[in-house]
Amino acid sequence: SDQTYCDRLVQDMPFLTDHGRLSEQQVDKIILQLNRYYPQILTNKEAEKFRNPRAALRVRLCNLLSHLQRSGERDCQEFYRALYIHAQPLHSCLPSRHALQNSDGTELDSGVEKWELSDRGPLGFLACLSVAAGLALLMYCCPPDPKVLPKARRVLGFSPVIIERHVSRYLLTFLASNLGGP
């Protein structure tokens, strides 16, 4: 817990500079964030140097990390913030984060809750919400007079029972496929 951001950067540098960890776009976004939002961290000239496409990505990243280590604690902290924003999956796999979790059982940046969505994405949720809203609207718009469309009211009256039977079958199939793994 006494580990500074500069210490963490030293520990994470081999991991971050490993081939294929960070894409060129992610590195550029991090550099631009450090330059635009915090021009005292990276000047325009330094940002251009670290974004030079003629130099290898690994070399530019090593130079950037070394520059940040020399600049101080706040600059290293801002780098980790930019890394979290632009490469969150990589940020959660950093060796220094695992060391912090193992040493005191808590995460350093535990203020952000993590939710994992199913592989079906938000469309499944929107489809269910649309069906529920449509049924609610249909029930609301149905006239209260039993003489008007008695068969429609009878069908709509039983529709939650019928829909529940079909929806539960699909829901169980959906849950079974998620629990079964990839």
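**Helices, rings and core**

Author: Start with H5. Its buried residues are Asp75, Cys76, Glu78, Phe79, Tyr80, Ala82 and Leu83. Buried means under 20% relative accessible area, exposed over 50%, partly exposed in between (1.4 Å probe, protein chains only). Helices are DSSP runs (H or I, at least four residues), numbered from the N terminus. This is a predicted model: local features need pLDDT of at least 70, side-chain atom pairs count only at pLDDT 80 or more, and totals for chains, interfaces and linings use all residues. Residues are numbered from 1 along each chain as its sequence is written, and side-chain values use heavy atoms, without hydrogens and water.

Reader: Why does the span of H5 agree with its 14 residues?

Author: At 1.5 Å a residue, those 14 residues should span 20 Å, and the end C-alpha atoms of H5 are 20 Å apart, so the two agree. The expected span is 1.5 Å times one less than the number of residues.

Reader: How many aromatic pairs are there?

Author: The count is 2 aromatic pairs. Rings of Phe, Tyr and Trp (its six-membered ring) pair if their centres lie within 6.5 Å; planes under 30 degrees apart are stacked, over 60 edge-to-face, the rest tilted. Tyr5 and Tyr80 make a tilted pair, 5.8 Å centre to centre with 45 degrees between the planes. That pair joins distant parts of the chain: Tyr5 is in H1 (residues 5–16), Tyr80 in H5 (residues 73–86), 75 residues apart. Phe79 and Tyr80 pair edge-to-face, at 5.7 Å and 70 degrees.

Reader: Tyr5 and Tyr80: buried or exposed?

Author: Both are buried. Phe79 is buried too.

Reader: What sits over the ring of Tyr80?

Author: The charged end of Arg8, 4.4 Å from the ring centre. The rule is CZ of Arg or NZ of Lys within 6 Å of the ring centre and within 35 degrees of the ring normal.

Reader: New topic. Which residues touch the most other members of the largest nonpolar core?

Author: Leu9, Leu16, Leu22, Leu68, Phe79 and Leu83, out of 28 residues. Such a core is a set of buried Ala, Val, Leu, Ile, Met, Phe, Trp, Tyr and Cys residues joined through side-chain atoms within 4.5 Å. H1 gives the largest share, 6 residues.

Reader: What does Leu9 touch?

Author: Leu16, Leu65, Leu68, Gln69, Cys76, Phe79 and Tyr80, leaving out residues up to four places away in sequence. Contact means heavy atoms within 4.5 Å.

Reader: And what covers the buried residues of H2?

Author: The cover includes H3, H4 and H5. Among the buried residues of H2 are Val27, Ile30 and Leu34.

Definitions and conventions: Helices (H or I, at least four residues) and strands (E, at least two) are DSSP runs, numbered from the N terminus.
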